[in-house]
Amino acid sequence: MKPETGGAARLIVLLAVALLVGAGVGLLSFSLARRPAPPAVAPKPERPPDAGRAGGVVCLDPGHSPGPFPSTIDPASGLDVADSGGADGEVQTNWNIAVRAKELLERKGYTVRLTRPSVDSPANLRERADIGNACDINVRIHFDPSVHAVLFPAAGQTKSHGSSSLSVSEEVSSGSRALARALLPFLMPLGVTRIDNDMGGSSNNAGTAYVGSVLSRVPVVVIENDPAVVRDNPSGQERAAAAIAEGIDSYFKQAGAR
Ligand SMILES: [Zn+2]
């Protein structure tokens, strides 16, 4: 092949390559121009996707009230339903955890009721139980210096005042045990080490059940958090609230699967 011919061929090849590259750039620009702009903010759904599956009604009971605590005999049960102030710092810490857990549960599609409208509002144990009984479950939030457990009433545990005595039914006990078991795995990383039965409390009554347990017609537990984790500690309270919300969600999903 003559050198001149080779030069012409190379020129043709170069022109062809230049045309192809040009066409490619043109196509790329076209496709970029045609790509639709991404939405600025993803639209927020009206309800979370799993709202239909969850959707239970949850009572969160932030333990204890500001005083005073006059003796209050409940006419229906004969028990003294006066509240108490709990351990130092409990009122505010329990309230903070309950409010945050309420937010997290509502995002999951649950309806949540607190037993008190504000941290400063007192509520006696009858009033708390009445709100709990209008829900599917009642989760009572506390901390204790020595007991770090999820407590549920055993069938037959009693509370009495004078000649009045109430005991826990098999039905309430078995539902409460299931609720305690669902909560425990989520609370264990926060130092809540076991489930156990009611331990009596300090009310002006006798018997090993809690007043809130014998007045309950729905599954009821007392969470005794570790004050070393939650007391006056926003990050510990956040973790406790998240654990409670996850545990409650787990309970309802297990109940739905049964
Ligand atoms: Zn307490």
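In this predicted model, helix α2 (residues 90-107) and helix α7 (residues 234-257) have axes, which are lines fitted to C-alpha atoms over the stretch in contact, that come within 8 Å and cross at roughly 50°. Because angles that are neither under 35 degrees (roughly parallel), nor over 145 (roughly antiparallel), nor 65 to 115 (roughly perpendicular) count as oblique, α2 is oblique to α7. The residues in contact, meaning that their C-beta atoms, placed from the backbone, lie within 7 Å, include Ile97, Leu104 and Leu105 of α2 and Ala241, Ile244 and Ile248 of α7. By class, this contact has 10 nonpolar, three polar and two charged residues, where Asp, Glu, Lys and Arg count as charged, Ala, Val, Leu, Ile, Met, Phe, Trp, Tyr, Cys and Pro as nonpolar, and the others, Gly among them, as polar.

The chain comes to seven helices and eight strands, which are DSSP runs of H or I with at least four residues for helices and of E with at least two for strands, numbered from the N terminus. Of its 258 residues, 41% count as buried, that is, with 20 or more other C-beta atoms within 10 Å of their own, whereas 12 or fewer make a residue exposed and counts in between partly exposed.

Leaving aside residues up to four places away in sequence, Ser160 touches Ser165, Asn205, Ala206 and Gly207.

Residues are numbered from 1 along each chain as its sequence is written. Local features need pLDDT of at least 70 and side-chain atom pairs count only at pLDDT 80 or more, while totals for chains, interfaces and linings use all residues.

Key:
Axes fitted to C-alpha atoms, helices over the stretch in contact; angles between N-to-C directions. Contact = placed C-beta atoms within 7 Å.
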